[in-house]
Amino acid sequence: MHELYTKLKQYFPLGELIEQRDNLAFITLKQEQLRPVILHLRDKENYTHLVLLTAVDWLEDNIFQLTYLLSNRANATDIGLRVMISRDSASMESIHDIWPTAATYQRELREMFGIDFPDSPRVNDDFILEGWNDIPPYRRDFDTLKYSEQTFSQRPGRETKDPAEHMKQKLYPDGA
Amino acid sequence: MQFEWIQIPYALLTLSIIINFGLLMNAFVAKIGARVGRRVGIPIYQNYIDLIKNYGLRSSITHGVMFYLGPVFRLTGGIGLLMFVPTIYGSVMFSNFSFAGDLILALYFIFFGTLGMALGAGESGHPHAAIGVSRGLSQVTMAELPLALAVFSIALQYNTLSVTEIVAAQQGGVLNWTLFTNPLAVVAAMLSFLGSVMRPPFDVVLAPQEIPIGPPTEYHSSYLALMQTNRVIFPIAKMVIFMNLFFGGADNWPVFFVKIFMIYMFAVFIGVVFPRFRVEQSIRWFLIWAVPIGILAVIVV
Amino acid sequence: MKEELEKRIIKGPDGLEFEVEPLRDYYCEAPPTVMPAAYSKIVEDLFNWARSESIWILGFGTGCGAIEMRPLMTPRFDAYRFGVQWRPTPRQSNLFVISGYLSVKTLKRVIRSYEQMQNPKYVVGLGSCTINGGMYWDSYNTIKRLDQYLPVDLYIAGCMPRPEALLQGFADLKKLIRSGKAEGANEYAEKFEWYKANQKKVINDWDMPDYNW
């Protein structure tokens with residue numbers, strides 16, 4: 001992994017390298033470096049498979065982290081490319097021309113996080129939700145409990161217990 | 001044969017015996033299938049309950065006139081087929097309305113129900129129904145060809161178009177059956193029989209897994225009950241013809257029940273052994289295997 | 001609403017222009033009516049007995065609970081011996097098993113399927129999720145009370161209930177049907193406005209007629 005990182009570093013300005021396992025590492029990138037790095041990895045380094053494209057909402061830092069996980073099937077190693085984009089009017093370049101499957105991921109991210117991918121096919125169509133009329137539900141400032149209490153009628157009489165406390169009470173009633 | 005009014009109650013009696021026998025036989029075959037899979041299976045009287053329930057549903061909707069007529073046509077096909085062939089040979093009570101040319105009429109009735117179903121299911125507007133019907137029509141048409149050839153063959157052989165006379169010619173020992181006097185025609189007809197009882201390998205018309213039950217998708221309540229009744233009558237009526245033409249007929253009810261059951265089990269056995277054909281495969285299969293045998297049967301005679 | 005469902009003018013192949021309104025043209029909009037029982041009590045009892053002994057389930061697994069229905073067909077549980085069968089089309093089914101959580105998107109399909117079933121029809125809610133939301137109690141996308149949207153005859157509690165619980169549920173449902181208490185379809189027709197209002201409250205893009213059999 002280190003070899004690959006140093007090799008890549010000759011061509012591209014890269015962020016830090018996080019080695020999770022022998023065969024899994026993450027590299028943080030600038031937004032505009034993503035496409036050339038992906039193309040290089042796909043065409044020169046045999047990372048031909050897009051495993052997934054997902055997002056993390058870092059609400060406190062006001063950024064979205066996009067993770068592009070690529071896989072090299074020949075030597076069974078995965079490399080994750082992390083791109084940080086701003087949460088305000090979040091938008092990212094589409095990679096559906098590199099891997100057509102990416103369009104589906106981008107549609108999902110558009111619906112669940114509200115991240116826009118201009119020019120991605122059908123990106124504005126409904127993906128899972130139908131007729132959603134609130135802020136995208138996977139954003140952390142969306143309060144699912146409040147939304148569900150407002151939208152759906154609840155059956156009265158439901159109690160909620162903290163599982164840890166409840167089991168402690170049950171197993172050790174005398175507080176031992 | 002002279003028409004007499006007493007024939008009508010006699011024919012109704014035949015019909016009721018056939019319906020009861022068919023309901024029990026279908027449940028029995030389902031039960032055998034379940035036991036093979038180590039299940040207990042449906043109760044033997046389950047088909048009666050299903051019938052009562054479907055007749056007893058409160059609401060039903062229609063998609064148009066042909067939607068009504070579809071099951072009626074189909075039932076007419078089944079009952080008509082049964083009514084115009086002698087059920088029990090030599091019995092005045094159960095000869096029904098058989099007459100000199102009844103073989104041709106029977107051939108027509110075999111196809112009649114399918115056509116009615118095509119019109120009715122087409123009107124229901126469900127895509128699965130349309131797919132099922134187009135599959136069904138092409139397959140039944142193809143399966144009909146060897147049967148027609150076999151029937152020509154034995155009509156030439158016995159020089160008659162009356163089922164009663166064909167049965168009469170087969171009396172007096174097992175070796176007089178068409179099965180032994182004209183084996184090629186019997187083989188062709190039995191292969192054709194496989195194609196029209198809607199059991200595997202030729203059940204792609206109903207194909208429960210891919211086009212949920214095909215033509216009857218939109219049928220419910222009383223319509224469905226009518227079609228269930230027909231599904232009971234029609235195969236038996238068909239098997240009555242086969243029994244009469246090829247297996248010496250039956251001169252009393254026990255022999256009748258045993259022979260019908262054996263003919264049905266032939267299709268069931270084939271069905272559990274072989275996987276399902278697609279339509280183009282089954283058409284090719286009929287063209288390659290059944291039709292040449294049928295032609296050969298005509299030539300040999 | 002999807003584009004193909006909107007009212008528009010179409011030019012036919014023969015050059016004639018005509019107006020289509022898919023929501024009106026393809027479905028019937030008459031609301032359901034209360035269907036009276038058979039006139040004679042004996043006949044109705046016979047029918048109720050037949051209905052209870054011949055339960056046809058709509059093969060529509062709405063949630064994770066659908067996995068508990070499959071073992072019922074296998075030799076170990078074999079629901080067929082109780083007269084329970086699966087039908088692939090709502091037209092021929094009598095029982096709708098809501099198997100587990102019901103997302104809003106699925107609810108829309110469930111309502112359409114339910115309305116295509118023929119009177120009398122029964123609904124069984126399977127698992128805690130249909131009762132009070134279960135483990136999806138704070139989810140933004142699943143309904144919490146099934147009986148707000150469809151008339152439920154019976155709940156089977158558990159997360160998930162085992163196939164044995166389902167068999168017991170069928171036995172209880174049979175008792176309900178036989179005693180003539182399972183009149184969900186008529187209840188739906190009576191309180192139609194209320195049910196529709198509840199359904200429309202959660203389904204935001206209502207792109208189907210109010211009653212689509």
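At what angle do helix α5 (residues 127-158) of chain B and helix α8 (residues 183-196) of chain B pack? The angle is about 155°, and the axes of the two helices are 8 Å apart. Axes here are lines fitted to C-alpha atoms, for helices over the stretch in contact, and angles run from 0 to 180 degrees between N-to-C directions. Helices are DSSP runs of H or I with at least four residues, strands are runs of E with at least two, and both are numbered from the N terminus.

This is a predicted model, in which local features need pLDDT of at least 70, side-chain atom pairs count only at pLDDT 80 or more, and totals for chains, interfaces and linings use all residues. Residues are numbered from 1 along each chain as its sequence is written, while chains are lettered from A and ligands numbered from 1 in the order in which they are written.

**Helix packing and core**

α5(B) and α8(B) are therefore roughly antiparallel, a term for angles over 145 degrees. Among the residues that make their contact are B:Pro146, B:Leu149 and B:Ala150 of α5(B) and B:Ala188 of α8(B); two residues are in contact if their C-beta atoms, placed from the backbone, lie within 7 Å.

B:Ala188 and B:Ala150 also belong to the largest nonpolar core, which has 68 residues. Such a core is a set of buried Ala, Val, Leu, Ile, Met, Phe, Trp, Tyr and Cys residues joined through C-beta atoms within 7 Å. A residue is buried if 20 or more other C-beta atoms lie within 10 Å of its own, exposed if 12 or fewer, and partly exposed in between, with C-beta atoms placed from the backbone. Leaving aside neighbours within four places in sequence, B:Ala188 has contacts that include B:Ala290 and B:Ile293.

**Contacts between chains**

Of the two pairs of chains in contact, chains B and C share the most contacts. In this pair, 20 residues of chain C meet 28 residues of chain B. Chains A and C each give 15 residues to their contact. No contact joins chain A and chain B, whose closest C-alpha atoms lie 25 Å apart.

**Backbone exceptions**

Most residues other than glycine have a negative phi, and most peptide bonds are trans.

| Cis peptide bond | Omega |
|---|---|
| C:Asn119 to C:Pro120 | about -5° |
| C:Cys159 to C:Met160 | near -15° |

A:Arg122 has a positive phi of about 55° and is partly exposed, with 13 other C-beta atoms within 10 Å. B:Arg38 has a positive phi of about 60° and counts as exposed, with 11 C-beta neighbours inside 10 Å.

Definitions and conventions:
Angles under 35 degrees count as roughly parallel, over 145 as roughly antiparallel, 65 to 115 as roughly perpendicular and the rest as oblique.
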